[in-house]
Amino acid sequence: MPDLPQHRPVLAGTAHNITGSGVRLEALPEGHLLHVLGGIEPAALAAELTKAGFAESSIRKAGFRQWFVAGDEPLAPTSLDALTAALEGKAFVSDQSHGRVRICVSGRSSRLLLSKGTAVDLDPGVFAEGSSAMTMVGHISVQIVRTGNDSFELTVLRSFAESLWEDLSYMAASAVKDEA
């Protein structure tokens, strides 16, 4: 029987400061990403996540009655089983950990960089910390979450992660020219 391929982080070792641009790109740990669909409110979902061992995870709105639950720690099957059982009849859980990658875009010019690729208004008065939006960056579908004043997390399908990384690097280099 042939050996199965081993999991390899798609953007391993790719933290990148763009010199002079005020932007940092960082591949985040490929921990866990769960897609939760159903009629449960975020506060109730947060309580169930804590009981199931996902207290350090964050909840991001992904559409009508849909959330992504993201965290840096690898997924423990017992925790997933506990969450699935707790949400039975209220919501469904789909493990997306193997199929999506998270990228952090931070720094004083992070909004300028992202504005080159998306039409989402990232002004803090409109898109406050904790806000999320499903959108396109260029031709690639992503979820953008504001994680701080000058920091954002982008979640992308694994097969598009390298392409998005290259696009972000190019846009960051372009941002340097725009600031000059």
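**The nonpolar core and the charged pairs**

A: The largest nonpolar core has 25 residues, and those with the most contacts inside it are V105, L113, L114, I144, L154, L164 and L168. A nonpolar core here is a set of buried Ala, Val, Leu, Ile, Met, Phe, Trp, Tyr and Cys residues joined through side-chain atoms within 4.5 Å, where buried means under 20% relative accessible area, exposed means over 50%, and partly exposed lies in between (1.4 Å probe, protein chains only). The model is predicted, so local features need pLDDT of at least 70 and side-chain atom pairs count only at pLDDT 80 or more, while totals for chains, interfaces and linings use all residues. Residues are numbered from 1 along each chain as its sequence is written, and side-chain values use heavy atoms, with hydrogens and water left out.

The elements that give two or more residues to this core are β2 (23–27), β7 (100–106), α3 (110–115), β8 (132–137), β9 (140–148), β10 and α4 (161–179); such helices (H or I, at least four residues) and strands (E, at least two) are DSSP runs, numbered from the N terminus. The largest share, six residues, comes from α4. Leaving aside neighbours within four places in sequence, L113 is in contact (heavy atoms within 4.5 Å) with V23, V105, L168, M171 and A172. Apart from this core lies another, of 13 residues, among them L34, L49, L83 and L87. In soluble globular proteins, nonpolar side chains tend to be buried together.

Turning to charge, the structure holds eight salt bridges, each being a side-chain nitrogen of Lys or Arg within 4 Å of a carboxyl oxygen of Asp or Glu. One of them joins the side chains of E153 and R60, at 2.7 Å from N to O. This pair links distant parts of the chain, because E153 is in strand β10 (residues 151–157) and R60 in strand β4 (residues 58–63), 93 residues apart. Both partners are buried, E153 with a relative accessible area of 7% and R60 with 5%. Salt bridges that share partners join R60, D72, R102 and E153 into one network.

Another salt bridge, between E48 and K51 (3.6 Å, N to O), lies within helix α1 (residues 42–51), where the two residues are three apart, about one turn of the helix. Here E48 is buried at 13% relative accessibility, whereas K51 is exposed at 65%.
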